[in-house]
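Here is a friendly walk through a two-chain model. Please keep the viewer open as you read.

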2 protein chains.
Amino acid sequence: MAKRNFSLKRNAIYQVLCATDTHPSARWVYDQLKPSIPDLSLGTVYRNIALFKDEGTVRVICNVNGEERYDGNVEPHSHFVCNCCGRVIDVEDESMSSDFTSGLFEKGFTVESRYVLYYGICPECKENNLH
Amino acid sequence: MAKRNFSLKRNAIYQVLCATDTHPSARWVYDQLKPSIPDLSLGTVYRNIALFKDEGTVRVICNVNGEERYDGNVEPHSHFVCNCCGRVIDVEDESMSSDFTSGLFEKGFTVESRYVLYYGICPECKENNLH
DNA sequence: TTAAAATCAGTAATGATTATCGAGTTCTTT
DNA sequence: AAAGAACTCGATAATCATTACTGATTTTAA
């Protein structure tokens, strides 16, 4: 079994992605780590997130205001995107019954992943009348 | 009832978006129209698509290779995105029963729209061994 | 007719993401 | 331990989709 050989910075980036449920952008990860790792560069964050995407250990959830948003939790679950504040919030996944593939297999498609996104206004924005 | 006052170019852009099921990017729409409307500019395509988005008459389906993909069909339906060729293909929508909101309403969320995206390999790419 | 509003081409600006490059650093094999 | 391959990274430049700006032209409404 191959040992995963994480560098300090790569590991830190991955930890941030796994420890938060804010589904952050690359810059947010960078801003989180910069104080404790002053010589971190934004390119390194992008480079390592690209590696995680290739590995399949991190997923792109959606794109909010031009920024990709990532999730270190690759268990199947859905997301709610607030059209007002841009927050991306975890949602219990709908039951993943086989008919959810919409007969794609029978039509010759290979389904590798499935995303469910809800868009709307989150409770905080409703409460603060920001919408 | 307010008359919708479409300019020639705005109308042409909307027609292209409604007449195709390729879920095109802005540039694709531009390339389609440029031969018949030689003085069309790409900025105009973006500007009018932004209007359609605000109106709700056109939707952003997903982002493939950095390009937003649009759909003039706003009836609820799902989409399959080919990870190989980037095509976006219509899929019969899953039955839209109320439990698909995952209890979001009860939690204070206002759900304005819901997207289901499948990612994988389309039949053509499988056949051509492009994956 | 006339002034405000809408539309647009052309171009510049923005901003997220990616590529490049040279300099360390770590691993491997001996 | 030494040599060299492979890895990692900061800094910076480049790319590219999208947006903003500007001045001209057209349409609308009174």
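The paragraphs below go from the fold of one chain to the contact between the two.

A word on conventions comes before the tour. This is a predicted model, in which local features need pLDDT of at least 70 and side-chain atom pairs count only at pLDDT 80 or more, while totals for chains, interfaces and linings use all residues. Residues are numbered from 1 along each chain as its sequence is written, chains are lettered from A and ligands numbered from 1 in the order in which they are written, and side-chain values use heavy atoms, with hydrogens and water left out.

Let us begin with chain A by itself. Its secondary structure comes to 4 helices and 5 strands, taken as DSSP runs numbered from the N terminus (helices H or I, at least four residues; strands E, at least two). Along the sequence the order is α-α-α-β-β-β-β-β-α. Of its 131 residues, 41% count as buried, meaning under 20% relative accessible area with a 1.4 Å probe, protein chains only.

Which strands pair with strand 3 of chain A? Strand 4 of chain A runs antiparallel to it, joined by 4 bridges (strands pair if DSSP finds at least two bridges between them), and H79(A) has D90(A) as its bridge partner there. These two strands form a hairpin with 5 residues between them, and G86(A) in the turn has a positive phi of about 85°. Strand 5 of chain A pairs with strand 3 in the parallel sense, over 4 bridges, with Y119(A) as the bridge partner of V81(A).

Strand 5 also takes us across to chain B. It is joined to strand 5 of chain B (residues 110-121) by 11 bridges, and the two run antiparallel; T110(A), for example, stands opposite I121(B).

How much area is buried between chain A and chain B? About 2500 Å², with carbon and sulfur atoms giving 58%; this is the accessible area (1.4 Å probe) that the two parts lose on being put together, summed over both. In chain A, F109(A), Y118(A) and Y119(A) lose the most area to chain B, together 20% of what that side buries.

Key: Buried < 20%, exposed > 50% of the residue type's maximum accessible area, 1.4 Å probe, protein only.
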